[in-house]
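Subject: Structure for you to look at

Hello,

Here is the structure you asked about. Please have it open while you read the notes that follow.

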Amino acid sequence: MEKHILSKSTYIKGEQCLKQLYLHKKRAFLRDRMPAERLAIFSRGTHIGLYAQELFPGGIDAGPKHPTQYRKAVEKTTQLLLDGQDVIYEAGFQADKTLILLDILVRNGDQWDAYEVKSSKSLSETYYKDAALQYHVLANAGINIRTFSLIHINPDYVRGEEIDIHQMFIITDVTEEVGKRAARVAIKIEEEISTLESEHSPKVAIGAHCFVPYDCDFIGHCWKEVKRPAVFDIPSIGNQQQFELYEQFKTINLLQNVFTLEEVQQTQIGVQISRKEHFNLSEKYISAIEQIKNNKSQYYAIKILSFTPAMPLYKDTKPYQQIAFAYAIMPINGDSNDVKLYVANGKENPHFEILDQIKQLNNHEFLAFENRVDLKQIFDLQQIIIDNCYYHPAMTKDYSNKSLSLSLGIKAPWKGIESDIVAAQFYDEILRNHKNSEEKRTAINAYLIRELLLVQKFVKKLSLN
Ligand code: SF4
């Protein structure tokens, strides 16, 4: 069998940007380090695929045990077809120098029904592109396809005692749509392969496409020409507008004269140019800080962690429903020895239990940063930044806890967790009895404490100004 050049994922990279495809295949060493948040999101899809297989039970998995064994998947699939197997998971096919793994293939008389599983709640253009490629390869590999369908999660599904996978998934027949795209796929494959045959990477200017549909892995390489700070470091300006302004003005200094920009945008531009933080607390916040200073014993830093499991783990919950699983509190003038910490065992839905525990502390006032749980007793300090009362040059992307940590000079001293998303992934793995569960639990505890100290440090900073 001739070696393939493209796979589904490399084809999609080429759809986003031909230069990305080229660098991925030929200059992989230029790739940026993948943030742990993105790895956490990728790992979610695997579990969903396994559940969806239960819609068509009795199949044999032809999938490779390792990415270097893709071709073995094709050989195994060919053998399974010859053996008369009716349902094949991770079926491998190659045509047009492109290799794909189809999630589920089901025999229907002398034809086949093909299914691709997506872990999202709706279908996007990228999924149609991806399905069109698979349809093209299947057809060109000689598979007589009756239907091609996308399987995704039903956002309205509410779990009963057990998961009903037939209610949990929505199957959408996209045969007609992907059939219409077949000619374009053939042209695109040709274009991508000829790009890869070239000696040099194609010339592609940076643009909004660097983030759509996915953040490109080569931002560090392609964007090094952009002189920092730049308009891209202003979080209050949307992605599309950033590029429009960049095209027009190139340097951030020239943006100072753009009077159509909003006040918050102008403030942030000024901060990025001067490299000096902006502090302008409104009357409302000045009196709130005074209140905290005068009633310190009443105030506590709080951090609540939640996760959003794609598969509803508990009765009466929906896919991706937010569920609190841990919290920690500490007196606002305390230290790590004063921390009270709770991480649920997850056997029952911990969300309401955690909210009740916090509500019962009715003589406490809570201060949080980037709070995701709706509780009256909690004041989210992030609002101060959203209201343009504080902004620091380190906040180049957003106003997250990570950005605030950078602003306050706090480096992540622990191993493993840098954000709530990763903490949620660790918890999900603990519930799945991951072999390093104890380490992951320790990392969650350390993260909770660090978040409390972040709140404390921010309050101190606000009190001094
Ligand atoms: S950073 Fe942008 S231009 Fe560079 S390879 Fe990625 S998508 Fe293409």
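Two strands pair if DSSP finds at least two bridges between them. Strands and helices here are DSSP runs, numbered from the N terminus. With that in place, the bridge partner of Tyr-299 in strand E12 is Glu-365. Please keep in mind throughout that this is a predicted model.

Overall layout

The chain has 465 residues, of which 32% count as buried. It contains 18 helices and 14 strands. Along its principal axes, the C-alpha trace spans about 80 × 60 × 35 Å. Among contacts between residues at least 6 apart in sequence, 66% join residues at least 24 apart.

The chain is divided into three parts: domain 1 covers 6–196, domain 2 covers 226–276 and domain 3 covers 283–463. The centres of domain 2 and domain 3, taken over C-alpha atoms, are separated by 31 Å. Where these two domains are in contact, domain 2 contributes 9 residues and domain 3 contributes 8. The side of domain 2 that touches domain 3 has 3 nonpolar, 3 polar and 3 charged residues.

Is strand E9 buried or exposed? All 9 of its 9 residues, 299–307, are buried, so E9 is largely enclosed by the rest of the structure. In a regular strand the side chains alternate between the two faces of the sheet. In E9, one side carries Tyr-299, Ala-301, Lys-303, Leu-305 and Phe-307, and the other carries Tyr-300, Ile-302, Ile-304 and Ser-306. Both faces are covered, as the residues on each side are buried.

Which way do the partners of E9 run? E9 and E12 (residues 365–368) run parallel and are joined by 3 bridges. With strand E10 (residues 323–331), the pairing of E9 is antiparallel and extends over 8 bridges. In that pairing, Lys-303 stands opposite Ala-328.

The nonpolar cores

The largest nonpolar core has 45 residues, and the members that touch the most others are Ala-301, Ile-302, Tyr-327, Leu-367 and Val-455. Elements that give two or more residues to this core include E9, E10, E12 and helix H18 (437–464). The largest share, 9 residues, comes from H18.

Leaving out residues up to four places away in sequence, Ala-301 touches Ile-329, Met-330, Ile-332, Leu-367, Leu-452, Val-455 and Gln-456. Apart from this core lies another, of 39 residues, among them Val-74, Leu-99, Ile-100 and Leu-105.

Around the ligand

Which residues surround the ligand? They are Cys-17, Lys-19, Gln-20, Leu-23, Val-204, Ile-206, His-209, Cys-210, Cys-216, Phe-218, Ile-219 and Cys-222. By class, this shell divides into 9 nonpolar, 2 polar and 1 charged. Helix H2 (18–26) and helix H9 (219–222) each supply at least two residues of the shell. The largest share, 3 residues, comes from H2.

Backbone points to check

Most residues other than glycine have a negative phi, and most peptide bonds are trans. Some places in this chain depart from that.

A cis peptide bond joins Val-212 and Pro-213, with omega about 0°. Pro-213 lies in the loop between helix H8 (182–197) and H9. Another cis peptide bond joins Arg-228 and Pro-229, where omega is about -5°. Pro-229 is in the loop between H9 and helix H10 (239–249).

Phi of Asp-96 is near 55°, and phi of Lys-97 is about 60°. Asp-96 counts as partly exposed because it has 18 C-beta neighbours inside 10 Å. Lys-97, with 16 such neighbours inside 10 Å, also counts as partly exposed.

Regards

Definitions and conventions
Residues numbered from 1 in each chain as written. Predicted model: local features only at pLDDT ≥ 70, side-chain atom pairs only at ≥ 80, totals over all residues. Near = placed C-beta within 6 Å. Helix = DSSP H or I, 4+ residues; strand = E, 2+ residues; numbered from the N terminus. Nonpolar A, V, L, I, M, F, W, Y, C, P; charged D, E, K, R; others polar. Buried ≥ 20, exposed ≤ 12 C-beta atoms within 10 Å, placed from the backbone. Domains from an automatic or database assignment. Contact = placed C-beta atoms within 7 Å. Core = buried A, V, L, I, M, F, W, Y, C linked by C-beta atoms within 7 Å.
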